[in-house]
Amino acid sequence: MPRSIFGYLEGRPPSELGDMAISGGSGKSEAWSEAILPADASISPESATDRRPLLIFGLVVAAAVSVLGLRLFWLQVVTGSHNLALADGNRIREQVERAPRGLIYDRNGVLLAQNQASFDVTVIPQQLPTTPAARQAEYALVGPLIGLTPEQVAAKAEITCAADKTADCLQTPVPQLILSGLGRDQALVFDQNSANGKPIRVLASVDPVAGSSLVLSIDDALEQHLAAAIQAQMTASGAVRASGVAVDPRTGQVLAVVSLPSYDNNLFAKGISQTDYNSLLSNPGQPLFNKVISGVYPTGSIIKPLGASAALQQGVIDTSTIVNDTGKIVVPNQYDPANPAIYYGWERTTGLGPVNVVQALAQSSDIFFYEVMGGFTDFLHYLGVDKLASYYQYFGLGSKTGIDVPGEAAGRVPTPAWKKAFSGQAWYTGDTYNVSVGQGDLLASPLQMVMAISAIANGGTLYQPHLVSQVKDTTGKVVQTIAPHIVRQGFISASNLNIVRQGMMAAVTEPKGTACCKIRDQVPVSVAAKTGTAETVNHDTGASAATQSKPEAWFEAFAPATGDPKIAIVILIENSGEGAAYAAPAARETLAWYFTQGAGSKP
């Protein structure tokens, strides 16, 4: 049995070994005994090993580890939130559940605005089939359900591929809109026939909170009748723009707001087309412009009750003060005596004759107000523009009323300081004349005028108008009631306001009154009113009627004129003609209905 050399050594004594030889790989041999070193022999060290390859290898490994570490730090720390969001975007779909908006009611519980279910159809390109044939099959299934052709669905579903034609153009988790505004029944059919992409489970959710409902002070029936009455006078006069507003003079609650022409609000609720929007913008009637609160105009003679109140309160006049209305006032021109300034009244042929303040209001005497406010003739103790402007401001002109809707305009009460700053020119007596009869640079909105006339109706309190009456929660419980807010009061005495009301009542009842006599005959309660006709730029020039613009027709009224007034109303029909001819009939029709069939007929 073969044994190792050590086995031989162990098994045989040295004398038997003799001259055994060890054969090397080179074929040479040597005696093995010569290869064994004595115990006390020294061994010479081997030559030094080259360590540079090992060092280079270690550096490469260290660099690789450093790069990986930095990259991990960048991905997990620096951009960790972003990457997490991307990852979640691939597996989590966030769906917004719209909260139901509150409803809107009128003061009598009539529903004015409600919610209508509307659904959108979207697709996540990343979840579409990968092959074109499979995608076309999906489009062919979906299209008929929502009223689109497969080609239309494809164009919207693959819109991300319109500019990017690479294979990855559909690898986006962002939903693409296919169709919006889908009705409830159509959406139900679609949902039953297309179950792909439904969530596996809900990770978290927050229940939507329904909005509060609003109860407005608006009387819908009154507003509808007011709009119809104004529209009839627009048609009769050829006017393309008009507005009207009615309020409760006791509280400032707005009962009706009409701005014509109107438009369908649902165009915006459903997403208005560019064609429809351009049509609204180009309409000469300016349907998107709220003329009641945003439009400001020369008021014409409906401003006169305010000026009369100011002159009475300042003691400039009383009921015994008489001014002879001759139809015009001639103001000498110191720079050109041959060309005096002539200011006409509306009755310029014979004039209205001697009038006091009550008659001046009833017959709308311009000459009376020229003299009382601006003087110059034999009326030496006149009111003056500064005090007149102050009282206009007391009545709320020149500043916003504070109504609870946006877009209100402040209007303008001109003064000598304003004119100097605006044009660099001095203030003349003629400027005061113009402002006293609602012409010149004076501008006010229909809303401002109805609140001013309400202060005369209620005994001298200027209220802030408001449309919202109550706020209700989802159970119908009233959580907020809007109380009347007084802006100013006590700036005109009750006795002086009573004189002004007498003049406005005489305008309706007296044969010479500018609002007599159909309102008196057709409205079953007493009415106080004032007509107004504001001249426009090209009107009073002496040119032919064909080249003149029609004036603005104004009318203001409140009723009952005695006792407890329930309603104040202002109507403006732009570029139509005389206020008595067009604005007054619209007010008459509205008031007659209100006090025979509407809320005014009830105790």
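The following questions and answers concern a predicted model of a protein chain.

Q: What is the mean pLDDT of the protein chain?
A: In this predicted model, 84% of the residues of the chain reach a pLDDT of 70 or more. For the protein chain, the mean pLDDT is 86.

Q: How many residues of strand β20 are buried?
A: Strand β20 covers residues 567-573. One side of the strand carries I567, I569, I571 and I573, and the other carries A568, V570 and L572; the residues on both faces are all buried. The number of buried residues in β20 is therefore seven of seven, where buried means under 20% relative accessible area.

Q: Which residue of β20 stands opposite S243?
A: Strand β8, residues 242-247, pairs with β20 in the antiparallel sense over six bridges. Within this pairing, the residue of β20 that stands opposite S243 is L572.

Q: How many bridges join strand β19 to β20?
A: Strand β19 spans residues 552-559 and runs antiparallel to β20. The number of bridges that join β19 to β20 is seven.

Q: Is Y391 buried or exposed?
A: Y391 lies in helix α15, three residues from Y394, about one turn of the helix. The two residues form an edge-to-face aromatic pair, 5.0 Å centre to centre, with 80° between the planes. Y394 has 34% relative accessibility and counts as partly exposed. The relative accessible area of Y391 is 7%, which is under 20%, so Y391 is buried.

Q: How many residues apart in sequence are the parts that the pair of F395 and F491 ties together?
A: F395 and F491 form an edge-to-face aromatic pair, 5.0 Å centre to centre, with 85° between the planes. F395 is buried at 1% relative accessible area, and F491 is buried at 10%. F395 lies in the loop between α15 and α16, whereas F491 lies in the loop between β17 and α19, so the parts tied together are apart in sequence by 96 residues.

Q: Which residues do ring pairs link into a cluster?
A: The structure holds 12 aromatic pairs. Among them are the pair of Y391 and Y394 and the pair of F395 and F491. The residues linked into a cluster by ring pairs are Y391, Y394, F395 and F491.

Terms used. Residues numbered from 1 in each chain as written. Predicted model: local features only at pLDDT ≥ 70, side-chain atom pairs only at ≥ 80, totals over all residues. Heavy atoms only, no water. Buried < 20%, exposed > 50% of the residue type's maximum accessible area, 1.4 Å probe, protein only. Helix = DSSP H or I, 4+ residues; strand = E, 2+ residues; numbered from the N terminus. Pairing = 2+ DSSP bridges. pLDDT = per-residue confidence, 0-100. Phe/Tyr/Trp six-rings, centres within 6.5 Å; stacked < 30°, edge-to-face > 60°.
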